[in-house]
Amino acid sequence: MLFDFATLPPGEGYKLMVSTVVPRPIAWVVTLDAEGKPNAAPFSFFNAFSGNPPIVGFGCGPRPEGSPKDTLANIRRLGEFTICLVPNALAQQMNITAADFDTGVNEIEEAGLTAVPGAKVGTPRIAESPVAMECALHQIVPLGGHNLILGRILAMEVRDDCVLDPAKHYIDTPKLELIGRMHGRGWYARTTDRMEIPRITPEQWEEQKRRRAAE
Ligand SMILES: Cc1cc2nc3c(=O)[nH]c(=O)nc-3n(C[C@H](O)[C@H](O)[C@H](O)COP(=O)(O)O)c2cc1C
């Protein structure tokens, strides 16, 4: 079935996208409000876009009545934010921080989590999260209703027991037990079902084809 985005009512294309672009990593974005109080919310329109410079980004939509979400307003004001990642053990707490709280509510406290100071930014990180990326705002790209917020990573805090080799910067990724967002408003995936596919050279591919033809 072909869905023609030129004729789809607004909002329907969104449904097709979030039902098919899965699983999506989740950025648990911490910002500071005008009074210096922490604010946290999850964003699954999230990914890494450049290794050098190290750029990550997430898409922030409007509130239902059209005003900007606190996360975007805070980043516009301060020019920094911290992205924490979400392990399976913190899925429920992450969901609490997504509730539509009034501006000024500290979602980190509401969810029973701990805010600890950042190393390079004034924004705290969530202590219970195994990875925190401290970011300086790189660019906000307006995309109509959404804004793509790009941040340059200044420092990354990784829980000690998840670092395999600090000198080589090897991380024990399975140990992070991160979750991804699936379809609909409430489905998630664990990253426990993995498979390894080694990269191949063109020569190895030709060899594989020769072997298959000879079978
Ligand atoms: C798993 C998950 C992923 C979400 N992803 C996004 C997203 O990519 N973009 C967005 O605008 N809102 C997303 N939301 C909704 C926001 O988290 C929610 O609107 C939140 O209240 C915004 O908080 P704020 O006003 O403090 O910024 C997501 C919610 C959940 C539970």
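**Annotated span.** I took residues 19–172 and found their end C-alpha atoms 29 Å apart, with 14% of the span in helix and 43% in strand. Helices (H or I, at least four residues) and strands (E, at least two) are DSSP runs, numbered from the N terminus. UniProt, in an unreviewed entry, places the feature "domain: Flavin reductase like" at residues 19–172. UniProt positions are given in the numbering used here, feature names are shortened, and annotations may be inferred rather than shown by experiment.

**Basis.** I worked on a predicted model, where local features need pLDDT of at least 70, side-chain atom pairs count only at pLDDT 80 or more, and totals for chains, interfaces and linings use all residues. Residues are numbered from 1 along each chain as its sequence is written, and side-chain values use heavy atoms, with hydrogens and water left out.

I traced an open sheet of 7 strands, ordered 3-2-6-9-10-5-4 and paired antiparallel. Its edge strands are strand 3 (38–43) and strand 4, each pairing on one side only. From one strand to the next the twist averages 35°. Two strands pair if DSSP finds at least two bridges between them. For strand 6 (residues 80–85) and strand 9 (residues 131–143), which run antiparallel, I noted 5 bridges. Opposite Ile83 I found Met133 in strand 9.

**Helix 2.** I checked what helix 2 (residues 70–78) lies across: strand 2 (27–32), strand 3, strand 5, strand 6, strand 9 and strand 10 (146–158). Contact means heavy atoms within 4.5 Å. Helix 2 runs at about 55° to strand 2; axes are lines fitted to C-alpha atoms, for helices over the stretch in contact, and angles run from 0 to 180 degrees between N-to-C directions.

**Lys69.** I located Lys69 in the loop between strand 5 and helix 2. Lys69 is partly exposed, with a relative accessible area of 30%. The classes are buried under 20% relative accessible area, exposed over 50%, and partly exposed in between (1.4 Å probe, protein chains only). Leaving aside neighbours within four places in sequence, I listed Phe43, Cys60, Gly61, Pro62 and Arg63 as contacts of Lys69. I also took the C-alpha separation of Lys69 and Gln139, which is 17 Å for 70 residues along the chain.

**Glu107.** I placed Glu107 in helix 4 (residues 107–110). What is the nearest side chain of opposite charge to Glu107? I found Arg63, 6.8 Å away, so the buried Glu107 has no salt bridge, a salt bridge being a side-chain nitrogen of Lys or Arg within 4 Å of a carboxyl oxygen of Asp or Glu. For charge, Lys and Arg count as positive and Asp and Glu as negative, while His and the chain ends are not counted. Neighbours within four places aside, Glu107 is in contact with Pro38, Asn39, Ala40, Thr97 and Phe101.

**Backbone.** I looked up two cis peptide bonds. One joins Val22 and Pro23, with omega about -15°; Pro23 is in the loop between helix 1 (12–20) and strand 1 (24–25). Another joins Asn52 and Pro53, with omega about 5°; Pro53 is in the loop between strand 4 (46–50) and strand 5 (55–60).

I then turned to phi. His169, not a glycine, has a positive phi of about 60° and is in the loop between strand 11 (163–165) and strand 12 (170–171). His169 counts as exposed at 66% relative accessibility. Glu177 has a positive phi near 50° and is in the loop between helix 5 (173–176) and strand 13 (179–181). Glu177 is partly exposed at 43%.
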